[in-house]
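These are my notebook entries on one protein chain. I set down what I looked up, entry by entry.

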Amino acid sequence: MRPGLRGRRRAVVRAVALLAVAVPSAAAAQDDVISGRVWSDDGLLIVGATARVSPVADSTRTRFTETDRLGFFFFRDLAPGDYVLTLTLIGYAQYQEEVRVAGAASAELEITLTRQAIELEGLEIEAERSRARVRFEESVGVTVQDINQDAMKAIPGLAETDPIRVVEVLPGVSTVSDFSAAFNVRGGSADQNLILLDNVPIFNPFHLGGIFSVFNADMVGRAELRAGGFPAEYGGRVSSVLAIESDAGDGETSVDAGVSLLATRVAVDGSLPDGAASALGLATTRWRVSGRRSYFDVLLKPWTDFPYHLTDVQGVFEAWTKGGNRFRISTYTGRDVIDLADAGDSPLGITWGWGNDVVGATFTNPMRGGGAMNVQASFSRFTTDFTFSDLETDFASDIQQATFRADLERRPTARTRWKSGVALDRLEYDNSIVAGGTVFAEDTGNGWEAAAYSQLTWDPNSRWLVEGGLRIDRWVPDPGVSETTLSPRFAVKRFIRDRGAAIRLAGGRYSQFLHSLRDEEFPIGIDIWVLAGDRAPRVFSDQLQFGIESLFGDDDEWFASLEGYYRTFDGVITLNAAEDPNDDLDDLLAGDGSAYGVDLFVKRDLGLTTGWVAVSFLKTERTFPETRTGYEPFPDLTYPPVFDRRLDIDVVLRRPLGWWGLEAGLRANFGTGLPFTRPLGTFDVYRRRLVEGQLEYDNETAVVLGPRNGARYPSRHRLDVSFRKPIERDWGRLVPYLSVINAYNQKNVLFYLYDYEASPPTRSGVSMIPFLPTLGLDLSF
């Protein structure tokens, strides 16, 4: 190793060690603060309660915050004096206490809220206002949008509410077709999105070849998309992080069920009996389990064999010890099966199944001062198996990941938040083709990934927020060469207009060590994964983003942001059209890419009509060696990938109507056309006889293609609407709903078909989803 490089690495290690050791023990003068942790009367830490504080002498000077994921709240920069502290949450009695602030000796409060069935007037408005304000004031550089369960169900969906389909309407997000729920974020490919279920990665979260996601909306507490600028704690993907958080219920026995065009589903929640919980040393418990299954194969059984069905089961269990620690277990298993072998008189002996299995266990120890220690172990696996029994042919693919991680978060001073962690991942994949008992192709590999990170958020005064961090990843593949990557991250935020608006800048390096081989130009498909190593490179992405955002209107009812970004991608892959069948390692080509764009987002959270407008501009390119020219060295070919949608506009509205108690939802979308490779014509193929040296017609026709992705499909636009009718009964609640996809039946082009045997040649189009009304029913009791 060169002396200069060795010295720089030593300096980096020393810096990380200093950050990890010195920051938590920093001794700094504490600002005047009011802080505390909020519990329910049955021992649960309360998330999302609205805390407000105002001087006793002037109740108009009110400040808001909300309790975090471990029930902690924090007010600082308070002048010495007496204050009124109020905590509210729907379903709980209001808590109010007079607190004296007298310097650094201010105590950390332990507060208990008692359950109360009556909802407080204006509580929902206050909660939305405080949530928007907290998100605005505490997030530094990350571009984050979150959607709760109620918002998900109000957006028109294909058959039923789908959390991943909802992500499509957020800024910076695009999709290739109506038939795939896979999404692209700010110029990244679909496999560059890290999708987490309760912090456990899930590889292929889709049913029916990508049309629906595996997430049951009844089990989702909220979905949060981090589209850029995410800090050092996040690794494994370079484009975005979609975090799905399961709803563990409230511990009371209840049932949520539903029937849609797609499937029937049921979710049940409750808690352990008090005696059992006490015997285990637990203060309180809660759990929630759901099941879902499609039903067409069952309904049509008397008349025909319907060849497809899906099933999935999801569960979450949460328990709090008497000492205040939390245990949480999350599980999911799901399977899709297409069985043509037993489908009546079908001549195709094809069976195709795929699915995910996920389990994660987490231990959390809340600490005084708002910190916490978190330890998690998890396992995730995706498998697919395609069998053609008549030919005794089987294609199988499997990828799995086992993870152990530990994180520590502290507040060393009133103006700093520090978080560090380590993780160890074991990844394995196996792709094979077997025919007649003979293995024709087998590709296997594994790897260890060890990671460590440390990040610090500093709030020097009321005008600035600063965040810095460093992530180190060590990748050890087999087969392949080990490598270490350093990923610095930074973000800075400057508040203006008396903290009503802010300017922010964020940047960093991101890396990932796996790829999907799925061709995104096909509307439906299954991910086949490979790991970085001898066969495929690792991916680096350097990113920079700059934006301005603001809260405005009465009670901060409006939020607006405008953000520009630039990204590079080093190590992306594509299939090699000129691969050598005798070379097992040349079927993939490594290349690079870039993307830049601007996202505009305007959202209204309060009032009768709520929703948002998202406008996204994107330009992205990929560059690979052109191996089909016959020239060496291969020249570079640069082209826009299939997800290069230059302009994408989404309008989402929700409003209760004034008649029949209906609640209406609307989603309107416009997007410019995606690129494709246009066929220019055909020609007859002649081959030279080896003996006579003469040309003869080979009875074949070939197609002349234009520049790769040099043409574009027409612009697409679509209007979706939904109507929900809540019906309250003594025993529970009924909500029948109607969703209409593509309300005016716009024929958006999926792809073109060309007929060169016709005279003159003709072109026809295959459209995406037509006018499609669907009915469903949600039930709660």
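**Entry 1: the whole chain**

I began with overall size: for 781 residues a compact globule would have a radius of gyration near 28 Å, and the chain agrees because its own value is 28 Å. That radius is taken over C-alpha atoms, and the globule rule is 2.2 Å times the number of residues to the power 0.38. I note that this is a predicted model, in which local features need pLDDT of at least 70 and side-chain atom pairs count only at pLDDT 80 or more, while totals for chains, interfaces and linings use all residues. Residues are numbered from 1 along each chain as its sequence is written, and side-chain values use heavy atoms, with hydrogens and water left out.

Along its principal axes the C-alpha trace spans about 105 × 75 × 55 Å. I found 6 helices and 48 strands in the chain; these are DSSP runs numbered from the N terminus, helices being H or I of at least four residues and strands E of at least two. Of the 781 residues, 51% count as buried (buried is under 20% relative accessible area, exposed over 50%, partly exposed in between, with a 1.4 Å probe and protein chains only).

I then looked at contacts, meaning heavy atoms within 4.5 Å. Among those between residues at least 6 apart in sequence, 64% join residues at least 24 apart.

**Entry 2: the cores**

I looked up nonpolar cores, which are sets of buried Ala, Val, Leu, Ile, Met, Phe, Trp, Tyr and Cys residues joined through side-chain atoms within 4.5 Å. The largest has 44 residues, and those with the most contacts inside it are Ile-164, Phe-183, Phe-215, Leu-242 and Trp-612. Strand β15 (residues 220-228) gives the largest share of this core, 4 residues. A second, separate core of 19 residues includes Val-38, Phe-73, Leu-89 and Val-101.

Beyond four places in sequence, Trp-612 touches residues including Ile-147, Phe-601, Lys-603 and Asp-650.

**Entry 3: a sheet of four strands**

I traced an open sheet with the strand order β3-β2-β5-β6 and antiparallel pairing; two strands pair if DSSP finds at least two bridges between them. Its edge strands, each pairing on one side only, are β3 (63-66) and β6 (95-101).

Strand β5 (residues 81-88) pairs with β6 over 7 bridges in the antiparallel sense. Leu-85 has Glu-97 as its bridge partner in β6, and Leu-87 has Tyr-95. The two strands form a hairpin with 6 residues between them, and Gly-91 in the turn has a positive phi of about 95°.

**Entry 4: Gly-315**

I placed Gly-315 in strand β20 (residues 308-321). Gly-315 counts as buried because its relative accessibility is 10%. Leaving aside neighbours within four places in sequence, its contacts include Met-219, Arg-288 and Ile-329.

**Entry 5: backbone exceptions**

Most residues other than glycine have a negative phi, and most peptide bonds are trans.

- A cis peptide bond joins Asp-478 and Pro-479, with omega about 5°.
- A cis peptide bond also joins Ser-759 and Pro-760, with omega about 0°.
- Arg-186, not a glycine, has a positive phi of about 50° and counts as buried at 2% relative accessibility.
- Arg-497 has a positive phi near 50° and counts as exposed at 53% relative accessibility.
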